[in-house]
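Dear colleague,

Please find below the structure that I am handing over to you.

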Amino acid sequence: VTCDGGTYAPSSSGACKRCEDGTWSASKAAHCSPCEGGLVPDASQVQCTPCSEGRFALPGSENCTVCPSGTYSLQGQWTCSRCEDGYVPDANRSACQICPADTSVSIDAESCSACMLGEKSRAGRRIIAG
């Protein structure tokens, strides 16, 4: 049996079966394979495609997941990286940006917040009592 991409022919059956979620196959495949980390099967399950910036996928994942608070990733990554102290992720979670002077990283590590009255900070630095 010759199967199209995204399907496979198990040895016990003469019919082509659709690949399981999170796997892919080329045409004429005897089995489907999971994608490597940072990649997920395309809609037709004939190839693996990279996750966009700000998203990640563990090996064998069906979909890319948005990076958690305070983290970022480049295209095709299987993990997200934490921003350094004094930095927050940009809107796309594709890089970290420095918090300007007289601000600090918010509790959720998502934005820069103004210092409280009587406190100061240098760009990218922790708050210093005024």
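Is C51 buried or exposed? C51 is buried, its relative accessible area being 0%; here buried stands for under 20% relative accessible area, exposed for over 50%, and partly exposed for the range in between, with a 1.4 Å probe and protein chains only.

Before the remaining findings, a note on the basis of the values. This is a predicted model, in which local features need pLDDT of at least 70 and side-chain atom pairs count only at pLDDT 80 or more, while totals for chains, interfaces and linings use all residues. Residues are numbered from 1 along each chain as its sequence is written, and side-chain values use heavy atoms, with hydrogens and water left out.

Disulfides

A disulfide is a covalent bond between the sulfur atoms of two cysteines. The criterion applied is a pair of cysteine sulfur atoms within 2.5 Å, and by this rule the count is seven disulfides.

C51 is bonded to C64, with 2.1 Å between the sulfur atoms. The link is left-handed, at -90° about the S-S bond. It connects distant parts of the chain, 13 residues apart: C51 is in the loop between β6 and β7 (55-56), and C64 is in the loop between β7 and β8 (65-66). Strands are DSSP runs of E with at least two residues, numbered from the N terminus. In contrast to buried C51, C64 is partly exposed, at 22% relative accessibility.

C35 and C48 form another disulfide, with an S to S distance of 2.1 Å. Its torsion about the S-S bond is about -90°, so this disulfide is left-handed. Because C35 sits in the loop between β4 and β5 (39-41) and C48 in strand β6 (residues 48-50), the pair ties together parts that are 13 residues apart in sequence. C35 is buried, with a relative accessible area of 3%, whereas C48 is partly exposed, with 23%.

C19 is joined to C32, S to S 2.0 Å. The torsion about this S-S bond is about -80°, so the disulfide is left-handed. C19 lies in the loop between β2 (17-18) and β3 (23-24), and C32 in the loop between β3 and β4 (33-34), so parts 13 residues apart in sequence are tied together. Both C19 and C32 are buried.

C115 counts as buried, at 15% relative accessibility.

T71 belongs to strand β9 (residues 71-72) and is buried, with a relative accessible area of 6%. A polar atom of the T71 side chain lies 2.5 Å from the backbone oxygen of P68. Contact means heavy atoms within 4.5 Å; apart from neighbours within four places in sequence, T71 is in contact with C80, S81, R82, P89 and R93.

S73 is located in the loop between β9 and β10 (81-82) and counts as buried, at 2% relative accessibility. Residues up to four places away in sequence aside, S73 touches S52, E53, G54, R55, C67, T79, C80, R93 and S94. From S73 to P89 the C-alpha to C-alpha distance is 9.4 Å, at a separation of 16 residues in sequence.

With kind regards

Technical notes
Helix = DSSP H or I, 4+ residues; strand = E, 2+ residues; numbered from the N terminus. Polar contact = N/O pair within 3.5 Å; in protein donor to acceptor, adjacent residues only side chain to side chain.
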